[in-house]
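Please look through the sequence and the structure shown below, and keep both in view while reading the report that follows.

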There are 4 protein chains.
Amino acid sequence: MDNSYGTLFKITTFGESHGRGVGVVIDGCPAGIDLDKSFIQSELSRRKPGQSKIVTQRKEPDEFEILSGEFEGKSTGTPLTFMIWNTNQKSHDYSHIAEKFRPSHADYTYQEKYGVRDYRGGGRSSARETAARVAAGAVAKLALSQLGISIQAYVSQVGALTLNKPYTELDLGNTESNDVRCPDSAMAQQMFELIDKTRKNQDTIGGVVACVIKGAPVGLGEPVFDRFHAELGKAMLSINAVKGFEIGSGFEGVKQNGSEHNDPFFVEDGFVKTTTNNSGGVQGGITNGQDIYFNTAFKPVATIMKDQDSIDQHGNAAVVSGKGRHDPCVVPRAVPIVEAMAAVVTLDFYMRNKARQL
Amino acid sequence: MDNSYGTLFKITTFGESHGRGVGVVIDGCPAGIDLDKSFIQSELSRRKPGQSKIVTQRKEPDEFEILSGEFEGKSTGTPLTFMIWNTNQKSHDYSHIAEKFRPSHADYTYQEKYGVRDYRGGGRSSARETAARVAAGAVAKLALSQLGISIQAYVSQVGALTLNKPYTELDLGNTESNDVRCPDSAMAQQMFELIDKTRKNQDTIGGVVACVIKGAPVGLGEPVFDRFHAELGKAMLSINAVKGFEIGSGFEGVKQNGSEHNDPFFVEDGFVKTTTNNSGGVQGGITNGQDIYFNTAFKPVATIMKDQDSIDQHGNAAVVSGKGRHDPCVVPRAVPIVEAMAAVVTLDFYMRNKARQL
Amino acid sequence: MDNSYGTLFKITTFGESHGRGVGVVIDGCPAGIDLDKSFIQSELSRRKPGQSKIVTQRKEPDEFEILSGEFEGKSTGTPLTFMIWNTNQKSHDYSHIAEKFRPSHADYTYQEKYGVRDYRGGGRSSARETAARVAAGAVAKLALSQLGISIQAYVSQVGALTLNKPYTELDLGNTESNDVRCPDSAMAQQMFELIDKTRKNQDTIGGVVACVIKGAPVGLGEPVFDRFHAELGKAMLSINAVKGFEIGSGFEGVKQNGSEHNDPFFVEDGFVKTTTNNSGGVQGGITNGQDIYFNTAFKPVATIMKDQDSIDQHGNAAVVSGKGRHDPCVVPRAVPIVEAMAAVVTLDFYMRNKARQL
Amino acid sequence: MDNSYGTLFKITTFGESHGRGVGVVIDGCPAGIDLDKSFIQSELSRRKPGQSKIVTQRKEPDEFEILSGEFEGKSTGTPLTFMIWNTNQKSHDYSHIAEKFRPSHADYTYQEKYGVRDYRGGGRSSARETAARVAAGAVAKLALSQLGISIQAYVSQVGALTLNKPYTELDLGNTESNDVRCPDSAMAQQMFELIDKTRKNQDTIGGVVACVIKGAPVGLGEPVFDRFHAELGKAMLSINAVKGFEIGSGFEGVKQNGSEHNDPFFVEDGFVKTTTNNSGGVQGGITNGQDIYFNTAFKPVATIMKDQDSIDQHGNAAVVSGKGRHDPCVVPRAVPIVEAMAAVVTLDFYMRNKARQL
C-alpha cells in the first residue's frame, strides 16, 4: 500500500521533484496491450508544465522511457515500468525554504513523520509524482478502449465561476480546445481571465474537475468496502490538493426527497436503463451500466508569490517568500490526472469482476 | 478487500439482513484491550432501529455475542469476532419484491453481478451490515481512548436545513440530547419536524453528517495513495447511501484564494499549531496535529412508501409498492456509523505509523 | 494477512480450541456454487477427532453451521461464513498448565508476543483451527470440481517408515480404506502398528503427507514472488506442526544432474506433455499442465503423556505432565487439511489468472 | 502480489535479463537508514556473474544506481528505488531459442500464460531478477543490523556431497573464504571439484543452501497463516530453481518421537532458552528468541550445454542446443539471495510486530 494503488492492476509510483525523476511500476498489466507510445506521450503532455500561459512556466518535456515489461511493442504481463527523467531541477531555487515550513504544504508533516525530508521542490510530496500516474493511466486507457470504455474529464468550476450545466448538455469534445479545459467556450474564457488575474495578483485559486466514464458494463465494484465509488473517491482524494469528492447527485442530492432522487428503471432495445441518473451510475456500490459521473474539488495551490508568516524547523517565526514558477490554478493540468486515476480504478474493477466468473 | 477494510487493524464483515445475523472479524486488534461490554452495547444502541419516532420502527435489540478473541475480558491479539444475531426477520414481508428491482436499490446490480440474490430485506446490501462496523468501531474507540484520541460526529444538514456554524462554535456534548443528533437544539427541532413531515408524506430525505477527530498525533497517513483523508473518504463512501465526502474547507474551499486558504503555522506552549484550519488537520496526506474534520453526504433513503414504476427480473414493467418499516432519513442513525469507520481508519494509521519507527 | 489467506478467494479463520468454536469467512467465493452440505460434512469428518483408534479420542462431532453467504443452497458471492461450534471443551483439564510453558508448544511465544494467552487447549494455536480451513477447502473443492481439477493427499511416511513408490504407482483410490490414509495396504498396516505402539509408549511421532493435484490448466501461478509452489509452500507451512515442504523432485533432486532432471517436452494428441515430471508440474512458478505433486513434513506432536522439564511464566523450573486426549501422530488427520489448503491455493490462482485475460 | 513481496517493508522488483536492466522499489523502508553504498555494492558483488571459475562467465558489473528515496545519504521513508542497468546483453545469442521451449525452463509456461514472451535470456524468468532482491536485502540488512539481527547463509550440499555438521559446529566466518561458500574448507574443496567436473561435462548439478538468523527477538511471526516460517518458506520458494524448504529439524525430524524432538525450556542469565533447538527458533509460527535456521533446496540449473529433445511453439519436435555462459551449479551465487530474502522477511515481521504494541 502506501505508494501502490490497485488490487490486480496495481501501480506503484516512486520518485521526487528534484531527484532523478519519477516513475511507476505497473504490476498485473494484461499481456498483449499495444503500447501506443504517441498516445502515452500525448497524455503526459496534457499534464506537463509550460503548456499554456495559465500554468507553471517550468520547462519539463516529460518524456518517458520504458524500463521493463515491453517486448516488440506490447506489454508482456510482467512489470511494466515507466521512467520520466527530471531535466529541469533547479535545486538552488529551494535553499530559501530548506528549513522553513511553507503554510499548507507537506513540509511540516513530512519532517515530523520521517525525521528527514527532501525539501527540494517538495520532494515526494510534489505534484510531479502525478506524471507517473498519468503514464499508468494511459496504459489503463489503452486496455479500456479495447473494452469500449472511455473516460473524459473537464473543468467545471474555477473559484466561484461554476458551469451550471449537467455534462449531458455539454459538448465534451470541446474540452481540449482551450487552455482551461472547460467544454463551454464562454465559461472557459471567463475562467481563463480569472486564473490570469489571480496569477497577476501573485495568488492562486481552487477549482473542480468533473469526469464521466462511459461504456462501463454492469457489475463493476466489490461491496461492501470496495464499492466502485469508494475506490474512485479514494483514488481522487489521493491526488495532491484534493479536498472533496462526490458522485452522482452528491452533496446537492441530500436536499432531495427519495421520490425525486430515485432513478426509475425501464427497458429500451433490450437494455436496462434509468430515466434519471442521480445515482451517478453506481447502485449498492456496483456499476449499473449507466454513465458514471463525479466531481473532484481542488483547493487553491498552497505556493503563492506573496510573503507569508510561518515558522522554521526550530520553531522560530519565519517569513516564507514565494519564488519559482508555480500554477495559479491546478485544475487545467489536473484533468488528465483525474482521468488517469479513473482509468486505473475502472480497469482494476473490471479485472476483479472477471476473476469471479468461473 | 471486498468485505475487509484496513491494513493492520483489519475488519471483515459478513452477514445479511434476513439470514442468521451480521458479524465482524477484527484481525490485528492489539492484545490487552479491555473489552468494555456496556460501551460496545451503547454504541450499537445508538445505531439500532426503533430508538425514536423518526427512525425505522423495526424491533431489533442488536445485542452482540463475542465468538472469538477474548479471554478474561481482554482482547488476546487473535481474531476478535462479534456476532449480532437477527431476531426480527420477517421474510414474508419481501415476497412482493422478490422478482422486482426497486429503484436506486442494489437489487438490479447484485442480480446482474452475482446471478443470484438474497432479496430478503436487501440481503447483504442492507444497511444492517453497518451494525457490524459499529461493533468493530467500538473496539477501535476503546484502543484510541488509551491514546487520547476521540471522535465525535453529528448531523449538520437534513434536506435544505443546514447548520451554518463551524464545529468550533457548537457544544458537541449536546449531540446525543435529541433524536436527530444535531448539537444545536433549535436546529435539531426544525430537523426533527422536517423528518417527521417527510415520514408522514411516505417519503424520505437526505442529510449530512459532520465529524471531528481530536487528539490525533502528527504523522498519521501514508502518502501517496493512502493519504489520511483518502482512506477516510473511502471508508465513508463505503457506507450505504453515501454520495459525497469532503475534508476541511472541502468544496467551498475551491472558491478561496491561496492567500486566504493557507493555514499559517505558529508555536504555542511548545506545540506547533495553525491559526486557521482550512486543511482540516491533514497536509500532504499526513495529520498535522490539528483537529481533523470532515463531512459525509447521505442521499435520501431509496425505500419509500409510495408506488414507483420499475421493472422485474424479466425486463417487464412493474410497480414497486413500499411496505415495511423504514427510515425517513438515515442521518440520525448514521452518526455512530461515521464515528465507527473514522475510528477504524485512525487506529489503523496509528499502527501503520508505529511500525515504521525502528 | 495474519488470519487471512488468499488474494481473490480469501479465507479468514477465527476461533479457539475452548471458546465458542472455530469459523471461517470466505470472501470472494464465486456466486452460484452449489453448497453440497453432505460433501462439506464428509470433509470435516475426515479431520474430526475420534474417528479411529490411532487419533485423539476427544469427542467433537464437528458439525458446521452456515452463518452467511448462502441463499437457496447456493453461494451468493457475498461472504460465506462457516461456524463449527465447540461442544466438548473441558476447560478444567487445562488448569495444570495455565502458568506453565509446554515444550515446543506455542505457550511461550504467544505469552511473550501478546502479553495475554488463552491457555485452554492452546487457544488459537490449537490445531482445532484447521477445521475451519477444511470447511473452506471443501467449498474450494466444489468450485474446482466444476473446472475438472481434483486434489488427493495421502500419508507417505510415518517415522522412518517410508512409502518408496511414486504416486503414479499407487492406487490413490485406496487411501480412505484404512485409518492411516496410506494407499498401500501393507505399508498402512505397518504404519498403523508404529503409531499404535508410539501411543502406548505415551509418545508421539512425525510423518509426511504427499499430495497430487490433477487437471490444473497451464498458466496458474504469478511470478515472481507468488509462484504457484511458493504460495503452496506457504499454505502448507502455515499448518500446525509442519516443518518442511518440497515440490517435484524436492530435496532429492539436488543430487541430480540437469541432464537427468530436465523434463523433455513432447506433444501427444495435441497436448504438450513432458516425458518425466521432476518439475512437479510447475516451471518458472507457473503450472505446465502436468500433475502437481508435493510433500509436507509434520514434526511429532508436541503434547506427550510423559513428564517433561520446563519453566513457568515466572521463569521458575516446572514439570509439565501430559494429560488429556491427544494424537500420537498427526498425519492421518492432516490429509484433508493438506487437501483443503491446496484447494484454496489452486482456486485462488485460477481466479487470479482469469482476471488477466481481458 | 505477483512482483511484490512484504506487508510493511514491501519490495517490488521489475526488469528483464536483456532489457534495460532490473530494479526494485522498496516501499515502507523506515526513514533515516544510512544507505552504505559500499556495503550494498559488496552484496551485489557476491551474487554477480564472473566472480569465480565455477560460476557463469558472463561479464556484468552489477553496479547500482538509486533512482529515488534517498536524501543526503539516508532513506527518506519514501519509495527507495534501485536500478541495476544491463550492460552485457547479447540478444543475438538467443535467436536459436526464440521459438523453442527449453526443457524445465519457463519458456513454455510464460508463452501459454501471457501469449507473448521476451525470449532473450529468459526475460523476466531469468535469475537476473534476483539482483534486485539482493539490493533490497542489503537495505533490510542495514536496518536489521541496527536491531542486532544478523543473517548468514552458506552452501551445505552440492549434488550428493553433504556437510553433515550442524551450523553450531561450523565457523561461519569461513564461508566467504572459498568460491563455493561452504564454511568447511575440506568439503568446500570437494564441492569445488564436483562443480568443476560437472561444468566440464557440459552438465549442471543441484545443491542446498543453509541459513542462520541470529538475534531475532521473541515475537516475530503472525499466526495463523503468516507464521514466521511460512513466509520464510514462501520467500525461499520464490527464488529461481528452488524446489524445497525446511526449518529446524525439517524432513529428518519426522522420524523422531516427540520426547526427543521437544525443546525443553530453561532460564539462563534471565533469558529463556531451550536446551535443544529442533524447532529452529520458531514455535507456533512465532520466533522464540533462539537461532532460526533453515535449508533451501536448489534443483540443477536447467540450461545445459548438451543437446536436448524438445518442441517449438508450433508443437513440432525440436532440438535445443546449449549455448552461452551459464552456471554449472547455482548455490554459490544463491547464498546472498537466500540471505537477502531472509532479511526482507525478518524486517517485515519486525515492523508488523511493532505496529501491534500501542
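A salt bridge is counted here when a side-chain nitrogen of Lys or Arg lies within 4 Å of a carboxyl oxygen of Asp or Glu. By this rule the structure holds 124 salt bridges over all chains. The model is a predicted one, in which local features need pLDDT of at least 70, side-chain atom pairs count only at pLDDT 80 or more, and totals for chains, interfaces and linings use all residues. Residues are numbered from 1 along each chain as its sequence is written, chains are lettered from A and ligands numbered from 1 in the order in which they are written, and side-chain values use heavy atoms, with hydrogens and water left out.

**Salt bridges within chains**

Side chains of opposite charge can pair when their charged atoms come close.

| Pair | Distance |
|---|---|
| B:Arg199 and B:Asp196 | 2.9 Å |
| C:Asp327 and C:Arg333 | 2.6 Å |
| D:Arg46 and D:Glu176 | 2.7 Å |

Helices (H or I, at least four residues) and strands (E, at least two) are DSSP runs, numbered from the N terminus. By contrast, B:Arg199 and B:Asp196 both sit in helix 4 (residues 185-200) of chain B, where they are 3 residues apart, about one turn of the helix.

A residue is called buried under 20% relative accessible area, exposed over 50%, and partly exposed in between (1.4 Å probe, protein chains only). B:Asp196 is therefore buried at 7%, while B:Arg199 is partly exposed at 33%. In the chain C pair, C:Asp327 is buried with 9%, and C:Arg333 is buried with 7%. In the chain D pair, D:Arg46 is buried with 13%, whereas D:Glu176, at 40%, is partly exposed.

Helix 1 (residues 37-47) of chain D also holds D:Glu43, which counts as buried because its relative accessibility is 5%. Contact means heavy atoms within 4.5 Å, and, leaving aside neighbours within four places in sequence, D:Glu43 is in contact with D:Val134, D:Ala138, D:Lys141, D:Pro336 and D:Glu339.

Two strands pair if DSSP finds at least two bridges between them. An open, antiparallel sheet is formed by 10 strands in the order 10(C)-9(C)-11(C)-17(C)-12(C)-12(D)-17(D)-11(D)-9(D)-10(D). Its edges are strand 10 (161-162) of chain C and strand 10 (161-162) of chain D, each of which pairs on one side only. Within chain D, strand 11 (residues 207-214) and strand 17 (residues 292-298) are joined in the antiparallel sense over 7 bridges, and D:Val209 stands opposite D:Thr296 in strand 17.

**The interface of chains B and C**

Which area do chain B and chain C bury between them? The figure is about 2900 Å², 60% of it on carbon and sulfur atoms, where buried area is the accessible area (1.4 Å probe) that two parts lose on being put together, summed over both. In chain B, the residues that lose the most area to chain C are B:Phe14, B:Leu67 and B:Phe71, together 19% of what that side buries. The contact takes 39 residues from chain B and 39 residues from chain C. Across this interface there are 2 salt bridges, and C:Glu65 meets B:Arg20 in a salt bridge of 2.6 Å, N to O.
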